[in-house]
Amino acid sequence: MNEMAENNAILKVENLELSFGGVQALKGVCLDVKQHELLAIIGPNGAGKTSFMNCVNAFYHPQEGRVFFEGRDITNLRPDQISRLGVSRTFQNIQLFVGLSVVDNLMAARHFKMNYNWLEGAFYFGRARRAEVENRRIVEDIIDLLELEPVRKQVVETIPYGLRKRVDLARALVQDPKLLLLDEPMAGMNAEEKEDMARFIIDVYELWGISAVLVEHDMSVVMDIADRIAVLDFGREIAVGTPEEIKGNPKVIEAYLGKAAE
Ligand SMILES: Nc1ncnc2c1ncn2[C@@H]1O[C@H](COP(=O)(O)OP(=O)(O)O)[C@@H](O)[C@H]1O
Ligand SMILES: [Mg+2]
């Protein structure tokens, strides 16, 4: 890669090594995500895709390797610090407050981003109040964008799974991300829900000009919306390229596409 392209990376991951006891989840993974790029990561179950995301947002700390976000070394930061720098994610297993309404979940996520606490509320009433108006506005914008209006007041545990995944995306978006990490945002969805989700992801990506890493098993979606695809197999990166390049790569066909039919 030339220097221009390298400088253009919003996320740069160098030589990640991550083990759990005898299991090596990541073996020397190097990847970057350019500004306004949608990079998909594919690979069989257990290939290390979620582990990769966990290393980026510091849920896991790799034994070796470094993670750079906008040129800054974030390897040793905490997840909350990384989130405030502008990295948001959705989860393979949705992480929402199931007893709260949709809108309250989004407000909570927004408060987390703002690092907003009761002391601030007590001492800086004016500022806190203005911030609150702004928080509401952002939450309302995202509710509109993701068409969540009909369920805004509903408690999360009472809404269908496909919509919950959409709320999880909304939760990531209210935090104003520059980089979105999407871990199987369409898993378990029916065809129509998948189509909606793909449309929302593309809308956000195009409207906001953000960058994204998408882990997804549905190859038609990946081929359709990814700028580039990286393939992991047993913790190793076996190929990176455009959808066209990946489609024709024999290593990929063997490692992934062959098994995808099962
Ligand atoms: N917290 C953990 N403790 C032990 N092993 C883990 C943990 N997280 C992931 N692994 C192991 O690391 C490997 C990669 O897992 P994962 O990143 O979840 O794969 P993927 O998301 O591609 O399905 C698997 O063998 C998995 O069992
Ligand atoms: Mg996973």
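Reader: Okay, what does L169 touch, leaving out residues up to four places away in sequence?
Author: L169 touches T90, L146, L180, L182, M197, F200 and I201, where contact means heavy atoms within 4.5 Å. Mind you, this is a predicted model, where local features need pLDDT of at least 70, side-chain atom pairs count only at pLDDT 80 or more, and totals for chains, interfaces and linings use all residues. Residues are numbered from 1 along each chain as its sequence is written, and side-chain values use heavy atoms, with hydrogens and water left out.

Reader: Which residues have the most contacts inside the largest nonpolar core?
Author: L169 and L180 do, and that core has 50 residues. A nonpolar core is a set of buried Ala, Val, Leu, Ile, Met, Phe, Trp, Tyr and Cys residues joined through side-chain atoms within 4.5 Å. Buried means under 20% relative accessible area (1.4 Å probe, protein chains only).

Reader: What's in the second core?
Author: That one is separate and has 30 residues, including I10, L39, I82 and V87.

Reader: Switching topic: how much of the protein is buried?
Author: Buried residues make up 50% of the 262 residues.

Reader: And how big a box do the C-alpha atoms fill?
Author: Roughly 60 × 40 × 40 Å, taken along the principal axes.

How values were computed. Chains lettered and ligands numbered in written order.
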